[in-house]
Amino acid sequence: MRATGPTLVLLLLFLSTAVAASDGDAPETEPEMIERFEVERRERDSDDDELQTLRFLRANRAYLRAELDRLLSERRLVEGDARALSDRDRALLAHGAALAADRDTLARAQGELDRQELMRSVSELVDHEGALDEIEALLRAQSERLARLEADYVGRQETAVALFLRGPLAEDTAEILVEDPRGDRRRIALDHQARRSLREGASTQLFHDFVEPRPLEYVVSRVDEEGEIEEIGRLSLRPTRDRLTLVEIDAPATREAEAGLQTVIWER
Amino acid sequence: MHLLRLLFATALVGILAGPSASEPPAPVVTGEVVGMARESARAWADDARLIYVENDADVDEQGRSSRWGFLFWSRQRDAARAYSMSDGEILLATDPGIDLPALPLTGDWIDSDEILSRAEDEGGRDYRLEHAGNVQSMVLVRGIFHEEHPERTTWTVVYSSRDFPSLWVVLDATSGDLVRRWEG
């Protein structure tokens, strides 16, 4: 039977103690004996075939490592301690699931509210936008009109009308009355010269003035010596901008015509 | 007299130790030496975990070997430690210089004698008889040879022959069921 290490140590201990006990020359005052054991420790070379370990692992290290890496990359191997779930654990899990469900429900409801609010805001915005568009169009039109008026009144205005009347008229015509749509009246008193011109069938100028280059309408009447007013006719014209429009009212032709003033119009 | 005692003890060591060193250790199954290997590893690191077992010497027909190699891993030390164990003795304790991040072996693995018997039934015996082969290696590891369930520990018995490709027989280390088998 081969002696094992621990057994060998015990045997040595026993024998050493026995030798010490049988030594009759040992004085009573001798210091305590120290047991010594031979322990053989050898530094092994890794190439020592006699005691090389894990030969298969060393020979196939690359293959085994590759297989392990492949499996670890395909499947996540997690080491952990498993234990059965207690009732408390299950209850907590259930509470957690319920909380998560409620949280999701709340989030969905909030999302729906936000969406409706957004739609409402968008609708209001659309309405406002329409109103703003209308206002903008009106402002644009007004701005253009103001610009035209400003150009008309501030700019160099050379639109003019010269109104003539060709007779003959009644002998007792003392004045010619010209009234515009604003109600302004021009009373043109016919002096001796003007009366003689009209009596002879010539023309006499009633007025020569700057006017707006827009449609104009005048009511032309005669006033006799008694102050009676008799309408001769209505004149409608649209003078050309920056031109002199000359209008000659033909009184006899007007009298013979069924309606309307008979005029001759030219421009300069 | 002290010197005399010392000489006597040394001689006794030489007499008793000399003949024993030349005798090969008796073959054992892994279960007979794994306990001492674990104790040694825990002396090295508190969190040492066994991750690999392999025969360091030839395996006989009963699945026993005179030396078994055990590889441990310590996360705290971030290092491995290998022990070559014979019957009741640590023959080698070394830093193997191997990086193998395998999972710790599950504790309920079938011992080497029974697993070899199953490997024999799963084609090992026929291989040996047909190709004059023998058991080259018995490897216990987790996470490498079981593709469907890498979390399970497996025994891999490798039969080799001089003139024929090796036979690999992988068995589930807990149930002993055949996992796969191939030649190459």
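**View 1. Chain B from end to end.** Starting at the N terminus, the elements of chain B follow the order α-α-β-β-β-β-α-β-β-β-β. That makes three helices and eight strands, all seen here in a predicted model. Of the chain's 184 residues, 50% count as buried. Chain B exposes about 8,500 Å², with carbon and sulfur atoms supplying 49% of that area. If you take the contacts in chain B between residues at least 6 apart in sequence, 53% of them join residues at least 24 apart.

**View 2. The largest nonpolar core.** This core has 33 residues, and B:Phe70, B:Phe72, B:Met138 and B:Tyr159 touch the most other members. Elements of chain B that give two or more residues to it include helix H2 (34-44), helix H3 (112-131), strand S2 (68-74) and strand S5 (134-142). Another core, of 23 residues, lies apart from it and has A:Leu165, A:Val178, A:Phe207 and A:Ala251 among its members.

**View 3. Around B:Met138.** Neighbours within four places in sequence are left aside here. Among the residues in contact with B:Met138 are B:Val53, B:Val59, B:Trp68, B:Ile115, B:Leu116, B:Trp155 and B:Val157. The contacts also include B:Glu54, B:Asn55, B:Ser112 and B:Thr156.

**View 4. Helix H5 of chain A.** H5 covers residues 192-199, and its buried residues are A:Ala194, A:Ser197 and A:Leu198. Looking down the helix axis, these buried residues of H5(A) fall within an arc of 95 degrees, so they line one face of the helix. They pack against strand S1 (160-166) and strand S4 (203-210) of chain A. Just after H5(A) comes A:Gly201, with a positive phi of about 90 degrees.

Notes: Residues are numbered from 1 along each chain as its sequence is written. Chains are lettered from A and ligands numbered from 1 in the order in which they are written. This is a predicted model: local features need pLDDT of at least 70, side-chain atom pairs count only at pLDDT 80 or more; totals for chains, interfaces and linings use all residues. Side-chain values use heavy atoms; hydrogens and water are left out. Buried means under 20% relative accessible area, exposed over 50%, partly exposed in between (1.4 Å probe, protein chains only). Helices (H or I, at least four residues) and strands (E, at least two) are DSSP runs, numbered from the N terminus. The arc is that of the directions from the helix axis to the C-beta atoms. Contact means heavy atoms within 4.5 Å. A nonpolar core is a set of buried Ala, Val, Leu, Ile, Met, Phe, Trp, Tyr and Cys residues joined through side-chain atoms within 4.5 Å. Accessible areas come from the Shrake-Rupley method with a 1.4 Å probe; for residues, only the protein chains shown count as cover.
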